[in-house]
Amino acid sequence: MNRHFEELRLESVSRSFTNTEGHAVAALQGLDLNIRRGEFIALLGPSGCGKSTALNCIAGLQPLSGGGIWLDDRRIDVLPPEKRGFGMVFQNYALFPHMSVLDNVGFGLKMRGVAKGEAQRRAREALQLVQLVGHERKLPGQLSGGQQQRVAIARAIVIEPPLVLMDEPLSNLDTKLRIEMRAEIRRIHSQLERATLYVTHDQDEALSMADRIVVMKEGVVQQVATPKEVYGRPKNLHVARFMGYRNVVPFTLQAAEGERVRLANGGVQLIGTPMEAFSAKAVSVALRPEDIERAAPGAENAFDAEVETVEYGGRDSLIRVKTAFGALWARLAGEFAEGERISLRVPAARTLVYDVEAP
Ligand code: ATP
């Protein structure tokens, strides 16, 4: 297999399943994506959006219903999985329970006809990279979940694949280990200088690990962009909601002011940043609880609020407030009492304005 590829290219990849009534249901529709050597790409979306289907199509575990996959100028979607030679890491590790750690890692090499001595040397190298030296003779059952996942990673990378595919590899681990393993996977990726495609439904994971994020919904790509772009400038309301813009409130467009727009609802005036073209004067405003702040009197985009509930969170609290334009969640430092009246604001650059959602 071509080890030094420059680009993996997906063109209009689609995959349908036949449901119990005999109708074709699209799990993946027209996926276009270029993955460059050295890149870490996260496929992000809620359960059932087609992430695993995309990964399986690339790996060759499922046939495509349409489109094609190229590794540089070579079409690979017609090849069986072993000819594509990609490394795979799954949520459930999928290790052989009766084989030692070393044999688990060396298994793929053995299957490829690599001589025993050479296979052992390379398996040891891979175990060194995932920091499991000293565990070679143990069985998977004698290791912690995090260590087992490291074995699975070593097994995926030992064959020196051009691309490593990971399907929710950290979801069986506890929070602390998950956060440690994020950095580990990123480190291993950087050392290998290959490409990684990482499937997750966890925004924080995607934001902290990926060079680019592919946000999916119902088999269709919504946005492909850097973590900063997806976090700060979600392309549509779906991406915004998924990235933590928990407040979506209706407003009416009043006027354009250069690159910004003036909005009104319930006597409150806001200046916002338009994120897409509008089909009507009725629009949706998306606000992240973390972007709402206490306002000084007369500040731009200030509004009155009454505290309804307070969820204490240590450094800050998540409070639910009532305003003239609807209920909002805000994350603020300080102490609050239910029924307290406060003045809040949100910067115009963080007041994202979208077209109203189709019902
Ligand atoms: P999760 O995070 O829950 O694994 P996902 O985003 O990976 O979800 P997929 O597993 O790719 O989603 O599934 C996408 C859609 O295709 C879902 O609606 C699912 O029900 C459907 N689907 C997946 N596999 C099959 C199958 N073998 N037969 C029929 N439908 C399937």
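The side chains of Arg 350 and Asp 291 come together in a salt bridge, with an N to O distance of 3.1 Å. Arg 350 belongs to the loop between β19 (341-345) and β20 (352-355), while Asp 291 belongs to the loop between β14 (282-287) and β15 (293-294), so the pair ties together parts that are 59 residues apart in sequence. The model in which this pair is seen is a predicted one.

Arg 350 has a relative accessible area of 19% and is therefore classed as buried, just under the 20% limit for that class. Asp 291 is likewise buried, its relative accessible area being 16%.

Across the whole structure, a search finds 22 salt bridges. One of them joins Arg 150 to Glu 184, whose closest N and O atoms are 3.0 Å apart. Because Arg 150 lies in helix α5 (residues 145-157) and Glu 184 in helix α6 (residues 175-192), this pair ties together parts that are 34 residues apart in sequence. Both of these residues, Arg 150 and Glu 184, are buried.

Helix α6 also holds both Lys 176 and Glu 180, which are four residues apart, about one turn of the helix, and whose side chains form a salt bridge with an N to O distance of 3.2 Å. Lys 176 is exposed, with a relative accessible area of 63%, whereas Glu 180 is partly exposed at 40%.

## A network of shared partners

Lys 110, Lys 116, Arg 124 and Arg 137 form a positive surface patch. Within this group, Arg 124 is located in helix α4 (residues 116-129).

## Asn 56 in helix α1

Asn 56 is part of helix α1 (residues 51-59) and is buried, with a relative accessible area of 16%. When its neighbours within four places in sequence are left aside, the residues in contact with Asn 56 are Leu 61, Gln 62 and Met 88.

Definitions and conventions
Residues numbered from 1 in each chain as written. Predicted model: local features only at pLDDT ≥ 70, side-chain atom pairs only at ≥ 80, totals over all residues. Heavy atoms only, no water. Patch = residues over 30% accessible without salt bridge, like charges linked within 9 Å, V, L, I, M, F, W, Y side chains within 5 Å. Areas by Shrake-Rupley, 256 points an atom, 1.4 Å probe, with all protein chains shown as cover. Salt bridge = Lys/Arg side-chain N within 4 Å of Asp/Glu carboxyl O. Lys, Arg positive; Asp, Glu negative; His and termini not counted. Charge placed at Lys NZ, Arg CZ, Asp CG, Glu CD. Helix = DSSP H or I, 4+ residues; strand = E, 2+ residues; numbered from the N terminus. Buried < 20%, exposed > 50% of the residue type's maximum accessible area, 1.4 Å probe, protein only. Contact = heavy atoms within 4.5 Å.
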